[in-house]
Amino acid sequence: MADTAYKANPLLKQRGVQIDFTKEQVQEVIKCSQDPEYFLEHYIKVISLDDGIVPFIPYPFQRELVDSFHNNRFTICKLPRQSGKSVTVTAYLIHQALFRDNINVAILANKRETSFELMAKLQTSYENLPKWLQQGVLAWNKGSIELENGSRITASSTSSSAVRGFSYNIVMLDEFAFVPTNVAEDFFSSVYPTISSGKSTKVIIVSTPNGMNHFYKLWNDAEKNRNSYNAIEAHWSEVPGRDEVWKQETIANTSEQQFQQEFECDFIGSAGTLIAGSKLKSLSYNDPLTSSGGLDIYEMPIPGHEYIMTVDVSRGLRLDYSAFLLFDITSYPHKLVGKYRNNEIKPMLYPEVIVQVAKQYNKSWILCEVNDIGDQVASIIFYDMEYENLLMTSMRGRAGQVLGHGFSGGKTQLGLKMAKAPKKLGCSNMKQMVESDKIIFNDFHLINELTTFVEKRESFSAEDGCHDDLVMCLVIYAWAVAQDYFREMTDQSVREELYEKDKDSLEEDMAPFGFIMDGSDDDRIVDKKNGLVWNGVSTDEYGTPNSNWEWAQPYGGDPSWW
C-alpha cells in the first residue's frame, strides 16, 4: 500500500500506479465519464454534520445544476443558504478534472479562507473515490491539487489579480454576491477575455443574494436574456426537512429580514436603507446609450433643454470615486441623462471632463461639492476655465448655505460644502423625490449604492466596504432643487410639487391630531419671551405662521395663565 500511496496517504494514489481493471470497472469508468450525474450519485461521498462521510444523494434541483454545468458554458445560480450548492459544484469539478485531460480549474470565493474550505470539501470527496477511479496525484495541498492526467485545480479569493496571467477551462465563483461591486467589475474586465477565448470554457457562479450588486446585475440580465448565462434557482422548501415549522423556528432564532435574504433569496439585504425597500425592489436599470472611460450617457442633449450637473470629488487613488450626475431639469419628473464614475482620475484633470460634458449639454449648470479637494476642482472650473454656469452658495445666518449664482456679498463659496445641515435636508428631499417618482434614473451603479446607503449615527452613509459617491451627487441635487434660486432658474418649485403630491396623505395622517379653534384661551399660541398671544389667523400653504402674524395685545394677566 505504501508503494502506491501518495506521500503515505492511503486514500490517494500516486502517479504511475498500474491498475488491473476488471471488465465491470472499465464499463463504470466509461459510464462515469459520459454521465456526471451518474458519477456523482454512485461514487461521490460528502461529510454530513450528523452522520460523517455518507454517499451523496442529489436533490432534484442539484441534478438540474449538474445538467446546466455540463451543457452550458455559463451558469448562474441563486440559491438559499445550506442547500448543498458547494458540494454539488465541487463534485462536478472532480468529474471534469478526472475525465478531461490537461484542464485548469479555478475555485474562487469572496474570501481566500472560504475558497480553501471548498478545496477541502473537494479533497475529501476525492479521497473517498475508489483507487481504480482516481488519477494519480502530483501535488496536493490546501490551495491546489495536480493530477497525472495534467489537470489542475486551484483555490483563491476573487480579485482582479487572482487568475491574471493564467488560462482556465473552468472558473467557479462561490458567494459572488459578497464580492464588492468594484472588485467584481475589475475581475471580469481582466479575466473574462481569457475565458471567452475558448470554445468550451465554462463559468459557474453560485451565490446567495446580498443586495443589488454585480451578482444581481448578472442574474437580472440572465433572466431577461441580456447575457449568455443560464439562470438556475431553487426554493428553500426544495431541501428535504425544511417546512413551515422549520421556517418559523429559523426566523425566531434569527430575524425576518435575515431569513428573507438568506433563504428566500431576496436581493434587498440591507436593513435601515434611506429609500424604502419596497421602492428599491421596483427600481430597474438599462444599459447606457454610450459608455467610455467611466462616462455613461443615457440620453443625448436636446436643444432648448436645461440641465444641472452635481459633482463629488475624490483624490484619484483607486479608493472613493470622483463622480457626477447630469439631470434634465426642463420639466417634471427630472431625468438622469448622464453619469461619470472614476476612481483613478486626478483632481487636476477632473475639471476638464466636467466642463467638456457640461458644454455639450447646453452649458449645464454645475454644482460642485467643495469639501477638501473639491474646492480646488471648483476653482479650476471657475477661474482657470472661466465656466460661467457654476453655481455658488453663500451663508445666510440661520438659513445656512443658500444656492446662488455669482458673488452676492458676504461669505460666498464656489459650490456646496456638505455639512450636517445640507446633508440632512438633501437626504430628506432625495427620499421623498425618489419614492414619489419625481426623479427618473435607470443607472445600475446608482441603484446599487442606494441599496447600501443606510442609517449610521443619526445620519446616512454607505455600509462598510461599499461606496456612496453617486448617492452623494443625488443628495446634492436634491438639496439644490429645493432652493429658492432653483425656482428662479427654472420657474419650478419642487417643494410645492412634493407638497401637492403628498398633501392628501399628510392630512389623513394628521387628522387624528387636529386642533379645534373656538376662540378660548386654550387655543392661543403664546410667545412667553415677549408676553404676546397669537390668535392663529394666518399661515402659509405648509401650515407655518406667516411673517404678518396678527398679534393680540401683550398679555398682562395672571402669571399662572402661562
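**Exercise 1. Determine what the pLDDT says about the chain of this predicted model, and where it stays under 50.**

Solution. Begin with the chain as a whole: in this predicted model, the average pLDDT is 83, and 82% of the residues score at least 70. Next, turn to the stretch of residues 509–562, over which pLDDT stays under 50 and for which the model has 55 contacts beyond four places in sequence. Finally, consider how such a stretch is to be treated: where pLDDT is low, the predicted coordinates should not be read in detail.

**Exercise 2. Work out which residues of helix α8 are buried, and where they lie around its axis.**

Solution. First, list the buried residues of α8, which spans residues 244–253: they are W246, K247, T250 and I251. Viewed down the axis of α8, these buried residues fall within an arc of 130°, and therefore they line one face of the helix. The other side of α8 holds V245, A252 and N253, which are exposed. As a further step, ask what the buried residues pack against, which is α9 (256–262). Last, examine the N-terminal end of α8, which is capped by D243, with a side-chain oxygen 3.2 Å from the backbone nitrogen of V245.

Key: Residues numbered from 1 in each chain as written. Predicted model: local features only at pLDDT ≥ 70, side-chain atom pairs only at ≥ 80, totals over all residues. Heavy atoms only, no water. pLDDT = per-residue confidence, 0-100. Contact = heavy atoms within 4.5 Å. Buried < 20%, exposed > 50% of the residue type's maximum accessible area, 1.4 Å probe, protein only. Helix = DSSP H or I, 4+ residues; strand = E, 2+ residues; numbered from the N terminus. Arc of directions from axis to C-beta. Polar contact = N/O pair within 3.5 Å; in protein donor to acceptor, adjacent residues only side chain to side chain.
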